[in-house]
Every structure is written in structure tokens, then in C-alpha cells.
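I opened this notebook page to record how two chains meet. The entries below follow the order in which I looked things up.

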Amino acid sequence: MDRVRSAARFGPHAAVPLALVVVALGLCVAAWLRFHEASTSACPTTFSPDVWPTGGLAAVIGAFLLGGLLGNLPHKRLAGAYGLLTELGLFAFVAIVALAWGYETHALASESASTPPLTFFVMCARLDENDWTLVVFILASLLAGRWLWHRPGAYLP
Amino acid sequence: MITHSRRRIGTIWLGILVFVAGNVADAADWIRWGPGQSDGNRLWVLASAGLFWLAVSTAVVLLYDVVATALDPDRRPPGSTELIGPRPLRQAAEWIRRRAADHTAVIGAGGLIAGAIIGHLVWKP
């Protein structure tokens, strides 16, 4: 029984999420190797706003709409339990979000140059890695569209 | 099997208690995040702390689900359409849920536009 459960949990369907986890870990390691000694002294504290629609804005809005349309793809009806891995993943994600908000609140309140807010690092990333910043915003917009603009779609037979 | 256990409902109330108590403690300055909590940044600090407590209270409920699922692998937490709650809130929550379900596209697009406007005009790192 346990072997059947284990096979259901780690079957071929787990390949895509596992590949995403490996890619994400690889990106984290690469980012750390490249930027762990980077200085933030040259980072801007503000950008002059661009009043005209940009290609980046169009891509983010397009990703939001695409996320909503993804709900129309046929998908399997969930028959059983969500599973421990799903629950653990959700908990880990929300715990990381809580840590990030805790740091942001502390940084905002401390008003110290040694603990800059997360928004400051977003400015740094925007300056140094414009394309990666756009990729992250597109992915976030895709997820937001899939989640906020959910359409039930059709179930596979 | 969908689980509407008394313990889970109790855990949801514990999460609500954490959220309310944390925000009250911040507003009353019983919790000190730093000097910016008392000056012109106070609104932003309290707003950020409010989202922190929201994330913590959500994590409390999710931690219960992790432990309960580890103990009973066949257990399934209720989805958004199956949630039950205290009687005074249930009707209002159901009304909001139905209206929101009918207008998800408007809500999603409104959130995106509002976020873009607020980010453009108000965001001051």
C-alpha cells in the first residue's frame, strides 16, 4: 500500500515540478555565485516614470491575459487527496512570504542604510538585470492571471 | 475525504486571532519594528506589518494542514466552495464569493490596473 502511494506521489507526473525545482535551485546558486560580493552603492533609489506604454508593460499584460486563458485547457479532475508534498509546498511558500514581509517591515521601520527594503533590491535588479526582472514580472503576471482570472475550463474524460 | 473538523475550524480562529492581535499590538506600539514606526513612515510600516501578520496567520492554518495530512494521507482540506465558518459570517462570505465568482475577470483586471497605478504614483522605496 505504501509502495503504491509512493509511486503515485513520485510518478512521471512529478517530473515537471521536480524539473522546475532543480532549475530554480540552479538559478539561486548561479545568482549567489555572481552577486554575493556585488555592491549596492551604485543602485538607484528612484526611476523617472515613463508615461508611454512600453514593450515590457505589454508583455506583462499579455502574460496576465494568457494566464487567464490557461484555465480553459482541459485538465484532470482531482480524485483523491492533495498529498503531503502539496501541503508542505504551500506552507513553505507562505512561510517564505511571511519572512520576506517581516524583513520588509523591519527594514522600513529601521530607516537604516545597512538594512535596505526589498524594493531597493528590486531597483538594483532592474538596473543590473533588466531582462531577468522582466522575466520575473511576466511569470508573476502569468500566475496572477491564472489565479485571479480563473476559468473552470473542461475536465478530461 | 473532506475534513471539516472542529480542530481545523479552531485553527482558523487561531489564525484570525494572530492577525488581529498582531495588528492591534503594532498599532498600539506594543511591538516596536523600529524608529520609522513613529514618524512619517508609520502608515507604510503598519501596512507592511499587516501583510506580515496575514502571512503568519495563513502559515498557522497551513501548518495544521501539513500535520493533519501527515497523520492521515487520505485527508483533503475543504476548497473555497466548501468552506464553512461561523453563522454570522457565512451568509456574507457566500454572497461575496458568488459575486466574485461572477466577475473574476473584472476583479483581476481591476487589481492589475490598480497595482500599476499605485506602483507608478505611490511606490517610494
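**Chain A against chain B**

I looked up the interface and found 35 residues of chain B in contact with 33 residues of chain A, contact being C-beta atoms, placed from the backbone, within 7 Å. The model is predicted: local features need pLDDT of at least 70, side-chain atom pairs count only at pLDDT 80 or more, and totals for chains, interfaces and linings use all residues. Residues are numbered from 1 along each chain as its sequence is written, while chains are lettered from A and ligands numbered from 1 in the order in which they are written.

The largest share, 16 residues, comes from H2(B).

**Helix pair**

I then examined H4(A) with H2(B): the two pack at an angle of about 160 degrees, their axes 8 Å apart. Axes are lines fitted to C-alpha atoms over the stretch in contact, and angles run from 0 to 180 degrees between N-to-C directions. H4(A) and H2(B) are therefore roughly antiparallel, the term for angles over 145 degrees.

**One residue**

I finally checked B:Ala55. Leaving aside neighbours within four places in sequence, B:Ala55 is in contact with A:Val94, A:Val97, A:Ala98 and A:Trp101.

Conventions. Contact = placed C-beta atoms within 7 Å. Helix = DSSP H or I, 4+ residues; strand = E, 2+ residues; numbered from the N terminus. Parallel < 35°, antiparallel > 145°, perpendicular 65-115°, else oblique.
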